[in-house]
Amino acid sequence: MKVIIQRVLKAKVEINDVVHGEINKGYLLLVSFTDGDNDVIIKKMAEKVINLRIFEDENGKTNLSIKDVEGDILSISQFTLYANCQKGNRPSFIEALTPDISSGYYDLFNKYLSELGFNPKVGVFGADMKVSLINDGPFTIILDSKELFK
């Protein structure tokens, strides 16, 4: 599982020119799944996202979590995080989990975020989404479960 965390001042997702989800200060999450992912990994990743301390405290140190700053979350499914560009110029997506399984995992990830005290705004799995953001910093973190939970 991969999650790209972008610390944002604002973010939104539009589908067919209609705003489907919008947040202020918080995280824009881009989320993808691969073979070997399971409930345990998904829960650990949700906990890692919530507990990361990447917001600045009163001294300018990244020492506060999204809970501490009462931030919002916009969660977007993005299978392209598993693009393999090693051969040729056209990415291969064979490492991305199939949509039928990924969709359920995406819902489960957002459920875990909810259980951790957040009500994530979400995109629509498989939809043609237009995502916009004002990145704060910019500050972007890449979480890969294969690196975090060896």
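Keep in mind that the model is predicted.

Let's start with Arg7, which sits in strand β1, residues 2–15. Arg7 counts as buried because its relative accessibility is 5%, and the cut-off for buried is under 20%. A polar atom of the Arg7 side chain lies 2.5 Å from the backbone oxygen of Ile54. Setting aside neighbours within four places in sequence, Arg7 also has contacts that include Gly26, Tyr27, Phe55, Glu56, Thr62 and Asp136.

Now for the nonpolar cores. The largest one has 27 residues, and Val3, Tyr27, Leu29 and Phe109 have the most contacts inside it. Two or more residues come from each of β1, β3 (26–32), α1 (39–51), β4 (53–56) and α2 (99–115). There's also a second, separate core of 12 residues, with Val8, Leu28, Ile76 and Leu81 among them.

Phe109 deserves a look of its own. Not counting residues up to four places away in sequence, Phe109 touches Val3 and Leu29, along with Ile42, Met45, Ala46 and Val49, among others.

That brings us to α1. Its buried residues are Ile41, Ile42, Met45, Ala46, Val49 and Ile50. An α-helix has 3.6 residues a turn, so residues three or four places apart point the same way. At the start of α1, a side-chain oxygen of Asn38 comes within 3.0 Å of the backbone nitrogen of Val40.

Technical notes
Residues are numbered from 1 along each chain as its sequence is written. This is a predicted model: local features need pLDDT of at least 70, side-chain atom pairs count only at pLDDT 80 or more; totals for chains, interfaces and linings use all residues. Side-chain values use heavy atoms; hydrogens and water are left out. Helices (H or I, at least four residues) and strands (E, at least two) are DSSP runs, numbered from the N terminus. Buried means under 20% relative accessible area, exposed over 50%, partly exposed in between (1.4 Å probe, protein chains only). A polar contact is a pair of N or O atoms within 3.5 Å; within protein, one must be able to donate a hydrogen and the other to accept it, and residues adjacent in sequence count only if both atoms are side-chain atoms. Contact means heavy atoms within 4.5 Å. A nonpolar core is a set of buried Ala, Val, Leu, Ile, Met, Phe, Trp, Tyr and Cys residues joined through side-chain atoms within 4.5 Å.
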